[in-house]
Amino acid sequence: MDYQIALLSGDGIGPEITEASVSVLEKTGALFGHSFHFKPYLIGGNAIDACGEPLPQETVSGCLASDSVLLGAVGGPKWDDLPGDRRPEKALLGIRAALGLYTNLRPAKLFPALRGASPLRADLIANGFDILIVRELTGGIYFGDRGYRNGRYGEEAFDTESYSVTEIERIGRAAFEAAMQRNRRLVSVDKANVLETSRLWRKTMHMLAESYPEVQYRDLFVDNAAMQLVRDPRQFDVIVTSNMFGDILSDEASQLTGSIGMLASASLGDSKRGLYEPIHGSAPDIAGKNLANPVAAILSGAMMLRYSFGLNREADAIESAVNTVLEQGFRTADLVGVSCIEPVSCTEMTAQILNALSSAE
Ligand code: IPM
Ligand code: MN
């Protein structure tokens, strides 16, 4: 089969890591008999530089015309002083919304070889952990009214959060369905002791829970959830939460796997077309130095094969190649920590993964 993929490399380390992911997808295609065609589009800071806006219409149309979208990362110090609605990050929110991608899946799974890279005590992670964070992606405070006004103490800024029953229901359903495919345990994270949106969230989740009697359901306040994640991540299977809480908890969970450079994500809506990107940012401090960890981008490519194209064997092959290379002891700088392992570069890590892919066949 032929697949058309829009390639949004973005800024900072974005181009290096998407290049790695593209080479792994191409190799996988060659091994399994598929053709992946990549068409590049501008997004973020490079789009601002080239045409004055972070999300050109051509990029949106290109994504809409493709079977799926692979994205690197956006943003950097060069564009940090622009007003909020012209910043590179605005493009990311814009493309998620334009493609209707309200479900963001962020799997945080510990590769056995990386136990030593996790900050958690060995006994807690002896048998690993495998968490799927389901983050609502097109609503909440990220998309609410915001601005400046005159307040009690003079000029003030404000952001607002709103969630409709419809938005909560659709993300809730995605999470219950995901739980049904896994270990049937779901934790919904909110701040229902303070926020009205969270009270509606919780009420809606409870209604949905009645249609999923096989799923063991529980609520946690977000402060408690943040603590429980580091206290004992094994208690979690699927976590469903709002846009902002999901942003924060997924960074926390990623570190438990050794590095944020390991975490992939899939953003999905009602069609097969998804957007696949690492959860990390553009890391301007290491951009262009061939130091970045390409694994999150490579695993995002695997998620594309699984969720958009239904190519499960192919996705398995990529994930197991990553596992093999980690078992062989290869580590990028972010994973080395205090050990005395000599880190490999982004391109070297990618070459090892490509190699493991072909030898597995
Ligand atoms: C993420 C990122 C983005 C977000 C930023 C860059 C807008 O942190 O994908 O987690 O907050 O969603
Ligand atoms: Mn984030």
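**Reading aromatic rings**

User: Is Phe-176 buried or exposed?

Analyst: Phe-176 has 0% relative accessibility, so it counts as buried. The cut-off for buried is under 20%. Bear in mind that this is a predicted model.

User: How many aromatic pairs does a search of the whole structure find?

Analyst: Six. To read one, check the distance between ring centres, then the angle between planes. Planes under 30 degrees apart count as stacked. Take Tyr-3 and Phe-309: their centres are 4.1 Å apart and their planes meet at 25°, so this pair is stacked.

User: Where do Tyr-3 and Phe-309 lie in the chain?

Analyst: They are 306 residues apart, so look up each element in turn. Tyr-3 is in strand 1 (residues 2-10). Phe-309 is in the loop between helix 10 (295-307) and helix 11 (312-327). Tyr-3 is buried, at 6% relative accessible area. Phe-309 is buried too, at 13%.

User: What kind of pair do Phe-176 and Tyr-212 form?

Analyst: A stacked one, with 4.8 Å between centres and 10° between planes. This pair also links distant parts of the chain, 36 residues apart. Phe-176 belongs to helix 6 (residues 165-181). Tyr-212 sits in the loop between helix 7 (196-211) and strand 9 (216-221). With a relative accessible area of 10%, Tyr-212 is buried.

User: Which residues do ring pairs link into a cluster?

Analyst: Tyr-3, Phe-36 and Phe-309.

User: Which ring does the charged end of Arg-170 sit over?

Analyst: The ring of Tyr-102, 4.1 Å from its centre. Arg-135 lies over the face of Tyr-142, 5.2 Å from the ring centre.

Key: Residues numbered from 1 in each chain as written. Chains lettered and ligands numbered in written order. Predicted model: local features only at pLDDT ≥ 70, side-chain atom pairs only at ≥ 80, totals over all residues. Heavy atoms only, no water. Phe/Tyr/Trp six-rings, centres within 6.5 Å; stacked < 30°, edge-to-face > 60°. Helix = DSSP H or I, 4+ residues; strand = E, 2+ residues; numbered from the N terminus. Buried < 20%, exposed > 50% of the residue type's maximum accessible area, 1.4 Å probe, protein only. Lys NZ or Arg CZ within 6 Å of the ring centre and 35° of its normal.
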